[in-house]
Amino acid sequence: MDARSRSWRVASILAMVGLVGLLDFRTGFELNFFAFYLIPVCLAVWFVSRGFGILVSAVCVVVSIVGDVSAGLRYRSSLAPVWNTGIAFTAYFVVVWILAKLRALHDELEERVRQRTAALNNEMQERRRLEEEILSISEREQQRIGHDLHDSLCQHLTGVALAGEVLSEQLASKALPEAKAMDHIVELVEGAIELTRTLARGLHPIELKGEGFTDALRELANTITKGFKTPCAFECEKPVEIDEADVAIHLYRIAQEAITNAVKHSKAKKIVLRLENGSDGLLLTISDDGVGMPPKLPGGMGLRTMAYRASVIGATFKVERQLARGTRVCCQWPGGVLSSETHDAKN
């Protein structure tokens, strides 16, 4: 409490004592104003201090006695006003002591609540930091594995395929029947190369910043269509630019996880991945025509991860059951800038 506020409270309480004393004088000595004098005493203890409460109590006693005498009260004995003053001050002092104890307990409780709140806030911030760090480490590991698959394993399998083709040509030149078997082996290796590249793109997608985010989602839809034999359409009227790399990564992973859930769990025959930028920000939706989500959402790790990724970038996340059939996952991020190029112009 600053000095200005304290001075204002002291002046207000003293003014209240004067007002009660004036009413006590005007109504005569027959009416007892003890309860009304308690009001400024209680306010003094609670909002200023115990010492000021004792001072106000003494002032109230003096004002009350002086007011009664001025109103015409006469005592038969000189000890009577001293006795009344002592009784009144004792009563006020008991009230002051009780209120001071209550105020101390109140302040102690507030301090404990403040300390506990601060500890909880620190704990939540530390937990959030650790969760973000875990996500960052996981993302880096996925990118590293994807890079290794693309640059190491794909290159190695390509070498195997070339060696197989050379051997197949040698066998064919000698008219040996094993040439056809070798050609089949080469086809299997080439299929393994394509599969490895698909896995690498899923773990380490193409550049996501700028308009690369739109291209990455289109490539994701094509990969799902080819790999899982489930049609996945990508709809986006205009390319969307995202300058924040972390935001692009989290949105991409949300789309990837939602599509994977639709393929594996909802028995969907068609998936629609839609990206649009409106007045409320960037909206990413993944809809399917599968069996839909159950009335009570399962506590799967995928849903929690998607919701957490959305919270990290300040986006809203929602999973809802569609009226007809199927499930729709919505993630709205209050950002995103439309490119001046349309898809047709870009392509």
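The model you have open is a predicted one.

Now step back into H6 and select residues 212-228. The helix has 17 residues, which at 1.5 Å a residue should span 24 Å. Check the end C-alpha atoms: they are 24 Å apart, in agreement.

Next, colour the buried positions of H6. They are Gly 212, Phe 213, Thr 214, Ala 216, Leu 217, Leu 220, Ala 221, Thr 223 and Ile 224. An α-helix has 3.6 residues a turn, so residues three or four places apart point the same way.

Angles under 35 degrees count as roughly parallel, so H6 and H7 are roughly parallel to each other. Their crossing is right-handed.

Show side chains at this contact. From H6, pick Phe 213, Ala 216, Leu 217, Leu 220, Ile 224 and Phe 228. They meet Ala 248, Leu 251, Tyr 252, Ala 255, Gln 256, Ile 259 and Val 263 in H7. By class, the contact holds twelve nonpolar residues, one polar and no charged.

Last stop: helix H1, residues 3-27, with helix H2, residues 34-47. These axes come within 9 Å and cross at roughly 170°, which makes H1 roughly antiparallel to H2. On H1, select Arg 9, Ile 13, Met 16, Val 17, Val 20, Gly 21 and Asp 24. On H2, select Phe 36, Tyr 37, Ile 39, Pro 40, Leu 43, Ala 44 and Phe 47. This contact has eleven nonpolar, one polar and two charged residues.

Definitions and conventions
Residues are numbered from 1 along each chain as its sequence is written. This is a predicted model: local features need pLDDT of at least 70, side-chain atom pairs count only at pLDDT 80 or more; totals for chains, interfaces and linings use all residues. Side-chain values use heavy atoms; hydrogens and water are left out. Axes are lines fitted to C-alpha atoms, for helices over the stretch in contact, and angles run from 0 to 180 degrees between N-to-C directions. Helices (H or I, at least four residues) and strands (E, at least two) are DSSP runs, numbered from the N terminus. Angles under 35 degrees count as roughly parallel, over 145 as roughly antiparallel, 65 to 115 as roughly perpendicular and the rest as oblique. A crossing is left-handed if the near helix is turned anticlockwise from the far one by less than a right angle, and right-handed if clockwise. Contact means heavy atoms within 4.5 Å. Ala, Val, Leu, Ile, Met, Phe, Trp, Tyr, Cys and Pro count as nonpolar, Asp, Glu, Lys and Arg as charged, and the others, Gly among them, as polar. The expected span of a helix is 1.5 Å times one less than its number of residues. Buried means under 20% relative accessible area, exposed over 50%, partly exposed in between (1.4 Å probe, protein chains only).
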